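Visitor: Please show me the model. I would like to know what stands behind the labels.

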Protein chains: 2
Amino acid sequence: MSKSISPLAPKSYPTLPAIEGVRIATAEAGIRYKNRTDVLYVAFAKDTAVAGVFTRSKCPSAPVDWCRKNLGKGGARALVVNSGNANAFTGKKGSDAVKLTADFAAKAASCRASQVFIASTGVIGEPLDAMKFKGVLESCEKKAKPLAWVDAAKAIMTTDTFPKVATRTAMIGGVPVTINGIAKGAGMIAPDMATMLSFIFTDAPIAAPVLQALLKKGADKSFNCVTVDSDTSTSDTLLFFATGAAGKRGAPAITLPSDRRLKEFRQELEALLSDLAQQVARDGEGARKFVTVKITGASGAISAKRIAMSVANSPLVKTAVAGEDANWGRVVMAVGKAGEPAERDKLAIWFGDIRVAVKGARDPAYDESATTAYMRGQEITIRVDLGLGRGEATVWTCDLTKEYVEINGDYRS
Amino acid sequence: MSKSISPLAPKSYPTLPAIEGVRIATAEAGIRYKNRTDVLYVAFAKDTAVAGVFTRSKCPSAPVDWCRKNLGKGGARALVVNSGNANAFTGKKGSDAVKLTADFAAKAASCRASQVFIASTGVIGEPLDAMKFKGVLESCEKKAKPLAWVDAAKAIMTTDTFPKVATRTAMIGGVPVTINGIAKGAGMIAPDMATMLSFIFTDAPIAAPVLQALLKKGADKSFNCVTVDSDTSTSDTLLFFATGAAGKRGAPAITLPSDRRLKEFRQELEALLSDLAQQVARDGEGARKFVTVKITGASGAISAKRIAMSVANSPLVKTAVAGEDANWGRVVMAVGKAGEPAERDKLAIWFGDIRVAVKGARDPAYDESATTAYMRGQEITIRVDLGLGRGEATVWTCDLTKEYVEINGDYRS
């Protein structure tokens, strides 16, 4: 599906350590792609807690419905993810396919179907033939091993050009625990959601309600701050699994979100989520530049976020960045159209450290050549100060290039 | 600025008749472009009534501020429009430039500055040198003539590839009156506004408050139903001038919006506004296909409009149309992300007359080859029935092509 690797891809991948209680396998089920893996199977030890946040689409996929229904029941024993088909808008066939997939996985993992979590990504509206998983998941269960993290991230790619992985460690009660995460993104990436697909794993002994609280807050600061094209997927799924295996090494069981021993874990989790979210923007379809939009001085945090998203989603701002054009007039336009409090004569705008506009007009010291030189870089920061209050927000996006149009004009055909 | 004429351009232009009390001239003031007209001057007879609707941007241009301030004062005696520079986000320099322009025009037209209406379109943030209008407007006043409508439409173009004109006639109290209109569009075209720039002229004797009511309602059904790229301009201006000259031929003076003699006039005005609005979508930057999005069965009219705009603004829907791909899954996505009431299992989707999805899944009779053949056409209608209520909306847009990215990556440089 992908052509060449995004120039914004990380230069190297971190090595993800094993997480006790997590085993991974991938396979070729032939859902849609040829000669590549398209199924990820993850087996969890007993008593693995699970949390999840999902797309706010009013037309969610069948797997999203399934995961929502099974959160808060009996924890997780298996995760099955396929690429190539989103199993979205597939009606009863879609929910039947999810059920069948869960049954296959439950048999493989010797657990209940409700302990199987499922996600699908790819084309919308095509029936998913879950019979293709028959035998595949059992063979995955047999070969699953602790260290196949990059393979896992590769199996869930669609138009992604690089696998997205991240790892962090944190101390809980003096005991080190690990957090690993994988994600996929590329297109149909927009706010008000989890992300396209991301899965986070830890050996920390954290109860499901605490996990859910941590995940919700972390998603708001990370994946919900990313946009590639303003299009919110039907399938966005962010799942967080905690095996609790670090308890055997003395890590204390955490049962309250307010537990102070979570401080470092929360910080590291949020750093990991931001890392993955930014990787998604760095691999936005056709992306050539990574763009950070920072809003300060807004009337409030929600207002700041809306203005940031208005700038980050503006096709005219994004094409200007692609064209290496320091067109701050389009930033003004995007601030103005957000519908949030803004006073033209209090606005200031920076590209990187260069202030281009102040008090409602071009900065008297504006230097077009310095700005143009800055725009040639691969990492562009656009900052707007509204001069009204203390509301701040940061969101991440990428430029809008001809390749985006090419990729999406040809995706199905 | 433009490369080749949009394939969606009208095959021929209507001939616009004179409107008594309206005289037109264009000129080259050298604001930005070379070897083309960039100033439109329109002179109005005494007692010409004026109405206007403007961008809802929080950062409107200096000319928009000026027009808002002078509506409802002493009518209109002149209109000055320039292309090449939007005079937006130009601070005090911007309002000074507008005042100077109005002074030049007032001297030329022998009227008060507050009777001069002004609009500007082009780059944002560059100071506009109004001294370039010195002498130009007086010479325009001398040469202004009744029939230069296409010249008028040409002088206000930026990335437009064809001039946009329309004409209608209506009877008021048994007397025929004329409505002429011109518009410009291309990029930074989105809902919640008037349009980029459009000017409507009539000889009907209609009082300003009635004119305003007619215009507001007409804009909501026409220009506010068009989107090219979801980016709302700082400069959107729709002005409506009524010279009242038809009164001399016996047309009754209309002073109340509820006057029944307005029935045909209202119909023809709305038809003219829709005609111009659709021309704007047909000349969207890089447009190769004209797209009509029809929503039926929504929970209400506002909900229907929001869903229609969500579909029409979706980059993934628009690139699919550009790629001639009947990717109705992306339509589902766009319905789902709108945040409006929608039930997956009640949705039905048509491309043209071909129903592709029904009851939350692919239509059992779905014929990909027929749909693909339909997508090769130049006029694409996407219809979604939500099966919930009686809310309906129709909006117009165009496809998203590589040319859009090209035009907007190169616009300033």
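Visitor: Why is Lys359(B) called partly exposed?
Guide: Lys359(B) has 15 C-beta neighbours inside 10 Å. A residue is buried if 20 or more other C-beta atoms lie within 10 Å of its own, exposed if 12 or fewer, and partly exposed in between, with C-beta atoms placed from the backbone. Therefore Lys359(B) counts as partly exposed.

Guide: A word on conventions. This is a predicted model, where local features need pLDDT of at least 70, side-chain atom pairs count only at pLDDT 80 or more, and totals for chains, interfaces and linings use all residues. Residues are numbered from 1 along each chain as its sequence is written, while chains are lettered from A and ligands numbered from 1 in the order in which they are written.

Visitor: Where is Lys359(B) found?
Guide: Lys359(B) is in the loop between E11 and E12 of chain B. Its phi is positive, about 50°, although it is not a glycine. Strands (E, at least two residues) are DSSP runs, numbered from the N terminus.

Visitor: What makes E11(B) and strand E12 of chain B a pair?
Guide: Two strands pair if DSSP finds at least two bridges between them. Two bridges join E11(B) to E12 (residues 361–362), so they pair. They run antiparallel. Val358(B) stands opposite Ala361(B) in E12(B).

Visitor: Why is Asp47(B) called partly exposed?
Guide: Asp47(B) has 16 other C-beta atoms within 10 Å, so it is partly exposed. Asp47(B) lies in strand E2 (residues 39–54) of chain B. Its phi is positive, near 65°, in a residue other than glycine.

Methods:
Helices (H or I, at least four residues) and strands (E, at least two) are DSSP runs, numbered from the N terminus.
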